[in-house]
Amino acid sequence: MAKYSSKINKIRTFALSLIFIGFIIMYVGIFFRTSPLLMTIFMVLGLLSIMASMAVYFWIGMLSTKAVQVACPNCGKHTKILGRVDMCMYCREPLTLDKALEGKEFDESYNRKKEENHHA
């Protein structure tokens with residue numbers, strides 16, 4: 001079985017990776033100190049990556065405020081659900097608010113539209 005995690009945590013991890021990628025791109029620019037143009041290009045690309053990370057963090061923050069908050073039946077902690085199925089942020093318990101999916105094995109494809117969903 002594949003390793004699943006909460007959608008909010010996945011997006012936050014992606015945003016954090018954008019920050020590190022931006023720093024690495026900027027660090028590569030240091031190797032081109034003799035060429036101001038190349039160094040500037042790498043610095044700007046790194047800065048754009050960090051700014052993209054800020055945009056993703058802002059977007060997931062706004063999305064998180066609209067997410068449904070539920071108490072996990074396994075660990076009892078409050079977690080947020082995005083879509084029809086999601087995982088608990090703390091114990092990775094599969095969660096759903098859709099009564100038709102209760103008891104079924106967790107599959108992220110349940111979040112896709114009906115015409116794409118092969119399990120329906």
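**A walk through the predicted chain**

Leu38 lies in helix H2, which spans residues 36–66, where helices (H or I, at least four residues) and strands (E, at least two) are DSSP runs numbered from the N terminus. This is a predicted model, in which local features need pLDDT of at least 70 and side-chain atom pairs count only at pLDDT 80 or more, while totals for chains, interfaces and linings use all residues. Residues are numbered from 1 along each chain as its sequence is written, and side-chain values use heavy atoms, with hydrogens and water left out.

The chain has two helices and four strands, and along the sequence these follow the pattern α-α-β-β-β-β. Of its 120 residues, 28% are buried, a word that here means under 20% relative accessible area, with exposed meaning over 50% and partly exposed in between (1.4 Å probe, protein chains only).

Is Leu38 buried or partly exposed? Its relative accessible area is 35%, so Leu38 counts as partly exposed. Leu38 also belongs to a nonpolar surface patch of about 830 Å², whose other members include Leu37, Ile41 and Met54. Accessible areas come from the Shrake-Rupley method with a 1.4 Å probe, and for residues only the protein chains shown count as cover.

Thr79, by contrast, sits in strand E2, residues 78–81, and is buried because its relative accessibility is 1%. Leaving aside residues up to four places away in sequence, Thr79 touches Val68, Gln69, Val70, Met87, Cys88, Met89, Tyr90 and Leu95, a contact being heavy atoms within 4.5 Å.

Terms used:
Patches are made of residues with over 30% relative accessible area and no salt bridge: like charges are joined within 9 Å, nonpolar side chains (Val, Leu, Ile, Met, Phe, Trp, Tyr) within 5 Å. A salt bridge is a side-chain nitrogen of Lys or Arg within 4 Å of a carboxyl oxygen of Asp or Glu.
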